[in-house]
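Reader: I would like to learn how to read a model of this kind, one feature at a time. Please give the general idea before each case.

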Amino acid sequence: MSIFREPGSRRGRGRGRTLVLLAAGALLGIIGVVAFNTTLEATSTDEFCLGCHNHGIPYKQHQLTVHYTNPHGVVAGCSDCHVQHEFVPKMTRKIEAAREVWGHLRGVIDTDEKYLAHQPAMKARELARFRASDSATCRSCHDVARMDLEAQSPKARREHARLGSGAKTCVDCHEEAGHAALAPATAEQEQSFDF
Ligand code: HEC
Ligand code: HEC
Ligand code: HEC
Ligand code: HEC
């Protein structure tokens, strides 16, 4: 007797069904991966963040920094500084963002007054994240090993030469890198602040 069954036999039909199921599984898997990546990318754009963070601060403060505009046009967006690139920290931050959705639903920062009242708590949480990661996102653009220290001011050179000690991290000295202090530099900017 042949070990191969006729195509119409029960075993043949069973195998056909398994193949269809496997193909459907693979297709669903591919759709899942594409949807996952698309969601990750969509939730990493400035437009997404500004969907909620659209009041005077922190966006206007951000626009006053060289990270928003500079002669070279190499700029940093919200996620470049606030979301680490590695998979696990990135996912952890996305999960932590559940607090933001909940806060948004409760309207905790939906006016400039509320924002200002809530700012110290948010700032403290954010600075703690930077300290915990040793400012990993800053370092993804600023490679300290390749800083031309000779080209920097004596003060910057002195401070940066000590970076390896672990005593201080970027945001300890450059807290305002992403959001300049509120004092507007010009009358024009003063007018554009809506609080
Ligand atoms: C659904 C609205 C919403 C979106 C979208 C959103 N945020 Fe927020 N975010 C909030 C709210 C509300 C808070 C205050 C949460 C609280 O304290 O309860 C917050 C807080 C923060 C904080 C302060 C730190 C902290 O832990 O509270 C940072 C930094 C931040 N958001 C950055 C971002 C970035 C970057 C993006 C885009 C990748 C983003 N947010 C997208 C609503 C949002
Ligand atoms: C160059 C890096 C950098 C960029 C780009 C940046 N941030 Fe920040 N952000 C920081 C740092 C550092 C802090 C903590 C110190 C502080 O509060 O200023 C912070 C603090 C915050 C906070 C906490 C509350 C506050 O006002 O201090 C929020 C919310 C926030 N950022 C949202 C955003 C959003 C939205 C964008 C994009 C429009 C953005 N950030 C772009 C570095 C950055
Ligand atoms: C996406 C890349 C990117 C990220 C992320 C980034 N930077 Fe920058 N940073 C730049 C570029 C590019 C410049 C130079 C802008 C110019 O002057 O042309 C710059 C300039 C600076 C300067 C000089 C400021 C000045 O006034 O000349 C400081 C300080 C700085 N960054 C600190 C930080 C810190 C701290 C962080 C993290 C909170 C950070 N950067 C995150 C790209 C980045
Ligand atoms: C102990 C304090 C300190 C720490 C920590 C520190 N810096 Fe600085 N940094 C300075 C000082 C001071 C300057 C000079 C500022 C000035 O001249 O106004 C400077 C200047 C800079 C500049 C501009 C350099 C230039 O000549 O154009 C960049 C970019 C910069 N820092 C990035 C970083 C990054 C990224 C980190 C973390 C890896 C970091 N710094 C950590 C103190 C520090």
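Reader: What is the average pLDDT of the protein, and which residues fall below 50?

Author: The pLDDT is the predictor's confidence in each residue, from 0 to 100. The protein averages 86, and 86% of the residues score at least 70. Residues 189–195 have a pLDDT below 50, and this stretch has 10 contacts in the model beyond near neighbours in sequence; two residues are in contact if their C-beta atoms, placed from the backbone, lie within 7 Å. Where pLDDT is low, the predicted coordinates should not be read in detail.

Reader: How many helices and strands does the protein have?

Author: Helices (H or I, at least four residues) and strands (E, at least two) are DSSP runs, numbered from the N terminus. The protein has 11 helices and 0 strands. Among contacts between residues at least 6 apart in sequence, 63% join residues at least 24 apart.

Reader: How is the span of helix 7 to be read, and where does helix 7 bend?

Author: The expected span of a helix is 1.5 Å times one less than its number of residues. Helix 7 has 21 residues and reaches 29 Å from its first C-alpha to its last, close to the expected 30 Å. The bend at a residue is the angle between axes fitted to the seven residues ending there and the seven starting there. Helix 7 bends by about 50 degrees at His118, with a proline, Pro120, following within four residues.

Reader: What is the phi of Asp134, and is this residue buried or partly exposed?

Author: Most residues other than glycine have a negative phi. Asp134, in the loop between helix 7 (112–132) and helix 8, has a positive phi near 55 degrees. A residue is buried if 20 or more other C-beta atoms lie within 10 Å of its own, exposed if 12 or fewer, and partly exposed in between, with C-beta atoms placed from the backbone. Asp134 is partly exposed because 14 other C-beta atoms lie within 10 Å.

Reader: Which residues come closest to ligand 2, and which element gives the largest share of its shell?

Author: A residue is near a molecule or strand if its C-beta atom, placed from the backbone, lies within 6 Å of it. Ligand 2 is surrounded by 26 residues, the closest being His53, Cys78, Cys81, Lys123 and Gly178. Helix 2 (46–50), helix 3 (56–63), helix 4 and helix 7 each give two or more residues to this shell. The largest share, 6 residues, comes from helix 7.

Reader: Which residues come closest to ligand 3?

Author: Ligand 3 has 20 residues around it, and Asn70, Ala76, Cys138, Cys141 and Ala177 are the closest. Helix 4 (78–82), helix 8 (136–141) and helix 10 (170–173) each give two or more residues, and helix 8 provides the largest share, 4 residues.

Reader: Which residues come nearest to ligand 4?

Author: Of the 17 residues around ligand 4, the nearest are His142, Ala156, Glu159, Cys170 and Cys173. Helix 9 gives the most to this shell, with 4 residues.

Definitions and conventions
Residues are numbered from 1 along each chain as its sequence is written. Chains are lettered from A and ligands numbered from 1 in the order in which they are written. This is a predicted model: local features need pLDDT of at least 70, side-chain atom pairs count only at pLDDT 80 or more; totals for chains, interfaces and linings use all residues.
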